[in-house]
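Here is a set of questions on how the chains of this assembly meet. Take a look at the model before reading on.

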Number of protein chains: 4
Amino acid sequence: MDTGSLTRLVDHLIQGGVDGLFVLGSTSEVAYLRDADRGIVLDTVLGHVAGQVPVLAGAIDMTTPRVLDHARAAVEAGAYGLVVTAPFYTRTHPAEIVLHFRTVADRTGVPVYAYDLPVSVHRKLGADLLLELAAEGTLAGVKDSSGDDGGLRDVILRRRDQDLTAFAVFTGSELTVDSALWMGADGVVPGLGNVDPHGYVRLYQAAARGDWATARTEQERLFRLFRLVNVGGPRMGQNSSAIGAFKAALHLRGIIAHPATALPQLPLDTTEIARVGRHLTDAALR
Amino acid sequence: MDTGSLTRLVDHLIQGGVDGLFVLGSTSEVAYLRDADRGIVLDTVLGHVAGQVPVLAGAIDMTTPRVLDHARAAVEAGAYGLVVTAPFYTRTHPAEIVLHFRTVADRTGVPVYAYDLPVSVHRKLGADLLLELAAEGTLAGVKDSSGDDGGLRDVILRRRDQDLTAFAVFTGSELTVDSALWMGADGVVPGLGNVDPHGYVRLYQAAARGDWATARTEQERLFRLFRLVNVGGPRMGQNSSAIGAFKAALHLRGIIAHPATALPQLPLDTTEIARVGRHLTDAALR
Amino acid sequence: MDTGSLTRLVDHLIQGGVDGLFVLGSTSEVAYLRDADRGIVLDTVLGHVAGQVPVLAGAIDMTTPRVLDHARAAVEAGAYGLVVTAPFYTRTHPAEIVLHFRTVADRTGVPVYAYDLPVSVHRKLGADLLLELAAEGTLAGVKDSSGDDGGLRDVILRRRDQDLTAFAVFTGSELTVDSALWMGADGVVPGLGNVDPHGYVRLYQAAARGDWATARTEQERLFRLFRLVNVGGPRMGQNSSAIGAFKAALHLRGIIAHPATALPQLPLDTTEIARVGRHLTDAALR
Amino acid sequence: MDTGSLTRLVDHLIQGGVDGLFVLGSTSEVAYLRDADRGIVLDTVLGHVAGQVPVLAGAIDMTTPRVLDHARAAVEAGAYGLVVTAPFYTRTHPAEIVLHFRTVADRTGVPVYAYDLPVSVHRKLGADLLLELAAEGTLAGVKDSSGDDGGLRDVILRRRDQDLTAFAVFTGSELTVDSALWMGADGVVPGLGNVDPHGYVRLYQAAARGDWATARTEQERLFRLFRLVNVGGPRMGQNSSAIGAFKAALHLRGIIAHPATALPQLPLDTTEIARVGRHLTDAALR
């Protein structure tokens, strides 16, 4: 594993001004990383960050026992908290999803954030479930990557109405960050933030000081930049195209040494990579 | 792990007359087993079987690199072949699914069987893809648990028309085994076969000697028995109910010592277990 | 409307030996027919059949009040019974689907057959619901076009176990008719039967006299013929390709004068129509 | 049909300050209205409005020929424009959806608005398709009820970048109107607007004058009010619960005489209606 590129990426993000890191999320290719490689990622990042910002680690696997193994590795490596989806591959009842999060929280003793990612997990975490787990102290927050901003707002309003202010609500939707913050979300955890952390930090800071027009302009620039995820087109999976484009962009920006993606993802060809470059130019990133 | 129960289950199946074993499939709770536990299962079963019948091992994980780790462990433990799904959790193109199976076959050197399980993987393996991989020698066969018997027949007929006789077609649908064999399938890999291997063996043998009426009568008895998977009802996930019922039945039949299921599955209660018992009685299994 | 072609099609089917007709089903392009055209179809077919065989009529629309309008028109035209789906477009509870079928049966006074077509209606009619409605006399039968032969068998076995012999079970799956009859289905209502009614009648009659090998051979020929539904490929919808191919085949066989399909379906081009012709030749239909 | 209630509802909306009306949309129970009843609605509303505001009419049916019949009736009744979904029940290719909208626009000669309602139509209208049809003049606008605010923003930004300013973008999501307007949407067509048009007008007007804090406060009040759609809970379909609640609220507010809903929707009971009343009280609507 090219840990030099990984630490350069971490530096790029911290210099970009991020308030924290989320390692082993979708954009990390967590689904493609062998357990040994996940361990190297954890050790490399946590060693390099050395407490400058809190680091949350994804513990992504099918069910509770397997998630617990990843969770323990992350906690041992020094992660501040864990990001956990509902079980997938199996057919699971909401009462069992509740039990899943409770077990992970109980047995690890660190903050646990629910990861709502229906495109991968094939189910939505509803506001009832999230807020029940928030109220009892099981969940420290949620990363909502569902794209359902009505549902996101439901969580935000009920959090306020029930005085669950300790429960953090992050959006994972790169395209509606200004409006998510406007509704009351606490922050954003964007895959595209790897390519342009400065942009998302400017967006966030503008919103934080109430300069919504600047936040929107920044969001619109990032929205257009985000279209680079489509460079692979219909000849490959959406994962390959998006992750391939993020890596190509980081390579073109000089952050990482190799834009290779894991099997079985198809690689971008030179035409597609050139298109990524034009997106960077249009977004004033090179 | 209660390896004594596991070897008793293996004996139960072999004494039942099965022609082979599939370990680390859905009914094994593979999705819930930690890697260390998967290793114990492989070592226990392969050591105990000691070559009496061929053993196929599931290598079930999200993507190629992770599947390869499981595959290597299974091959080292002595598995005859591997059973592999398409990638899940990620969004994958058919060309990438092809690359996935090719990579696993190339790097392991043992027979690879595709596992078509849309209820878990959220996509169907089509006949075009399967037969392309059969023709080039990548796939040794398929376990079709899709419940789409029209699609199963498409594979069977095209196998015949293209003279791909080495490609094995197994159904994983417990409820239509007589008709799958009638269409030309080579066999069945039934979860319910853990509970009543003798029944499925009788069904298969009746079909093999052309006594279809006996095969149908046996299938109908097994169809009614299969309803035990619903004892948990809507209060739990379908996995918990089915796996819980299979284990309760094996416990009631004296094969396994404990009917416990893995987290986050809810356990069956005593009323539900009593209903499993009545299903066994109705099926003349105790 | 070209009623001459329609009556020739009816003659073709009756001379083919069918036991009944289903008008205004999916293959009739019912979803594309204006109400006035549906009326012409009903009048033309029922006038021409003149009692030679019973005629069931589809009453296909979104909800109960709209279905009732179609149902009344069909009954007035002389249909023997009605074929009705669950509501679609709306989000409907199973208790409301029950109310839907009860209302249609109560207000029309003719036999009502449930049409289980998840590919269009986006839900499955389960065995519990069907048999509840069978037991109380609301439903006279079901046309199961779900492709779920395990579910079909559940209905068939529970019909037998509950002595609901008056409840008719038809499969709508063209590809597994021999096995559906083997399981105990009463018959088949195949779209492809428009192209080759003689073949499906031979299949049915072979099964009825217990000559299952002949039934299977006939089914396998029809299975291969059915592949004509794919001639349009990915450039058009599956409806356009299938209905276009059925019509092209009927045109090539000299039954109908024009193979035109309704808007917004794309028409087959000459290459695609030639492919339909080759399918007919391979199936010995010209 | 209780046309008195219908005209009182129209008055309620116009007095509430709406800029236009959309009749025969989902909340009108269009899916449940017989054609004759749809005609009465059109005549009643268009006669009563008498040009005070523009009236768009839904032409909701499965395919082009059937939509055209509804479209002609609406145009004859005096509708300013039409609201049309993609075909449903059938399996339709994007090229056929394009042909569908072109045919309706060509043959009716009035402005046509696409209705993006995946929950009913089971597909999403993408930005590519919408903007192609906007650029060529086929579509006058879109009502986006998909809940996908990232997709909505894509349409809004590309409209701006391609100078398609004549193409109107309305959101149909009651819960994120402030943010949709913030992104650049032109307005909202909310089902809940029947219950509280004044609230949505205040929200819109606050946004229009740049007073976003007031818009948000109003939206949050309406968000909480919207929860009345859940009063029916899991014992009925979501349509019955939402439409039943809207009607109960209009009845409690004295606008309509009867809160009855069409078959096969289950009616709300008195407890559920009382809950609707409490929602009105909480929202200061009585």
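Q: Which residue of chain B forms a salt bridge with A:Asp69?
A: This is a predicted model, where local features need pLDDT of at least 70, side-chain atom pairs count only at pLDDT 80 or more, and totals for chains, interfaces and linings use all residues; side-chain values use heavy atoms, without hydrogens and water. Residues are numbered from 1 along each chain as its sequence is written, with chains lettered from A and ligands numbered from 1 in the order written. A salt bridge puts a side-chain nitrogen of Lys or Arg within 4 Å of a carboxyl oxygen of Asp or Glu. Here the closest N and O atoms are 2.9 Å apart, and the partner of A:Asp69 is B:Arg34.

Q: What is the count of salt bridges between chain B and chain A?
A: The pair A:Asp69 and B:Arg34 is a salt bridge between these chains. The count between chain B and chain A is 6.

Q: How many residue pairs are in polar contact across the interface of chain B and chain A?
A: A polar contact is a pair of N or O atoms within 3.5 Å; within protein, one must be able to donate a hydrogen and the other to accept it, and residues adjacent in sequence count only if both atoms are side-chain atoms. With both residues at pLDDT 80 or more, the number of pairs is 22.

Q: Which element gives the most residues to the side of chain B that touches chain A?
A: Helices are DSSP runs (H or I, at least four residues), numbered from the N terminus. Elements of chain B that give two or more residues include α2 (35-49), α3 (64-77) and α11 (238-252). The top contributor, with 6 residues, is α4(B).

Q: What area is buried between chain B and chain A?
A: Buried area is the accessible area (1.4 Å probe) that two parts lose on being put together, summed over both. Carbon and sulfur atoms give 57% of it. The total is about 4,100 Å².

Q: Which residues of chain B lose the most area to chain A?
A: Together they make up 22% of what that side buries. They are B:Arg66, B:Tyr89 and B:Arg91.

Q: What rotation superposes chain B on chain A?
A: Superposition is by least squares on the C-alpha atoms of residues with pLDDT of at least 70 in both copies. The shift along the axis is 0.0 Å and the RMSD is 0.0 Å. The rotation is 180°. The two copies are thus related as by a two-fold rotation axis.
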